[in-house]
Amino acid sequence: MGSPIVLGIESSCDETGAGLVRDGRLLGHAVASSMDEHARFGGVVPEIAARAHVHSVRPVVRRALDEAGMRLSDIGAVAVTTGPGLSGALQVGLAGAKGIAYALGVPLYGVHHLAGHVAADPLEHGPLPNPCMVLIVSGGHTSLLLVRELARDPILHLGDTLDDAAGECFDKVARVFGLPYPGGPAIDLAARAGDPRAVPFPRPLTGPRDEPYAFSFSGLKTAAARWAEGHAGRELPVADGAASLQEAVADVLTRKAVAACEEYGVGTLVVVGGVAANSRVRSLAEERCQAAGIRLRVPPLRLCTDNGAMIAAVGDLLVRAGAEPAPLDVSVDPSAPLEYAALHPIAAPTGAVAA
């Protein structure tokens, strides 16, 4: 008999996800997004997201079970995102996960959201090599990580974003360009008709004295906004702006990731997160990895954005590694740093003052 079937629940932002994984194999998953409800505001509204999760948790779990041809009673463990993310949204997912785990009498595991993105790739390409270099690029995070045994070992941060993440840059510039939310897909689509060399946007933190693996996209965002303002009263060449912005982001991300692989002697680069769905990031990473003799792994598009399958994948790794389940009073940590894949924060008692 194999490992137990792990149900994963993700609710950190505007997607409610549920997935089922056993022994590294994805059995079924489902996602419900509230993105359309946020679009008119130009970004995610936490209260709307939390309310949408309340309505969606139960249906997505049922859809994932139906896709796998299973019943709730077949679940042997539950994993849930406990941070980082929107506090109210995380609380909804945790409450649902606790209810299922306690009703079934099965262990519950708290999972770091970003570790989930890392674990999405093995669902498609098999176990991660030890070590591997991981580039996480999403709306709120841009990090370059050295990963060994994901379920056991600490995760080494080589560099993180100092201000705006890559996806955040896309979202904010898209608004300036008059493109719809979410900005990443809109920029990618508009860029297809543009010239990536049309606008000489800066490549932040790529100078010889800069932090070698840190990221910063605030200045690039500002440069794009100033370029757009310079066309006041004239038609804005959106396609050229989008293509040039996308090229700048992809250039910085892939240049630093490949350099880190070479410096640390790592032969595999894994690119994950929502921005890993960007066509230019994927193609330029492929070009540069091939030239450097580095193996590139990128999850399929359906596993790049937030989903429950990736959380179930971490839970499956934790179960097979013999990790301790979360305590009964596990809480959420909306700003949790990525140190380990498991995340079991405990809320301070009411009225307690932090030291």
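Predicted model: local features only at pLDDT ≥ 70, side-chain atom pairs only at ≥ 80, totals over all residues.

Q: Is Ser56 buried or exposed?

A: Ser56 counts as buried, because its relative accessibility is 15% and buried means under 20%.

Q: Which residues is Ser56 in contact with, leaving aside its neighbours within four places in sequence?

A: Ser56 is in contact with Thr16 and Ala32.

Q: And what separates Ser56 from Met133?

A: Their C-alpha atoms are separated by 34 Å. Along the chain, Ser56 and Met133 are 77 residues apart.

Q: Now strand E1. How many of its residues are buried?

A: Six of the six residues of E1, residues 5-10, are buried, so the strand is largely enclosed by the rest of the structure.

Q: Which residues are on each side of E1?

A: Ile5, Leu7 and Ile9 are on one side, and Val6, Gly8 and Glu10 are on the other. Both faces are covered, with all of these residues buried.

Q: How do strands of a sheet pair?

A: They pair through backbone hydrogen bonds, and the pairing can be parallel or antiparallel.

Q: Is the pairing of E1 with E4 parallel or antiparallel?

A: E1 and E4 (residues 75-83) run parallel and are joined by five bridges. In one of these pairings, Gly8 has Ala79 in E4 as its bridge partner.

Q: What about E1 and E2, parallel or antiparallel?

A: E1 and E2 (residues 15-22) run antiparallel, and five bridges join them. Ile9 stands opposite Ala18 in E2. A hairpin of four residues leads from E1 to E2.

Q: Change of topic. In what order do the strands of the open sheet come?

A: The order is E8-E7-E6-E9-E10, which makes five strands with mixed pairing. Strand E8 (156-160) and strand E10 (295-297) are the edge strands, and each pairs on one side only. On average, neighbouring strands of this sheet are turned by 20 degrees against each other, direction ignored.

Q: How many bridges are there between E7 and E8?

A: Four, and the two strands pair in the antiparallel sense. E7 covers residues 142-147.

Q: Which strands does helix H9 lie across?

A: Helix H9, residues 238-264, lies across E6 (132-137), E7, E8 and E9 (268-272). The helix runs at about 160 degrees to E6.

Notes:
Residues numbered from 1 in each chain as written. Heavy atoms only, no water. Pairing = 2+ DSSP bridges. Axes fitted to C-alpha atoms, helices over the stretch in contact; angles between N-to-C directions. Contact = heavy atoms within 4.5 Å. Buried < 20%, exposed > 50% of the residue type's maximum accessible area, 1.4 Å probe, protein only.
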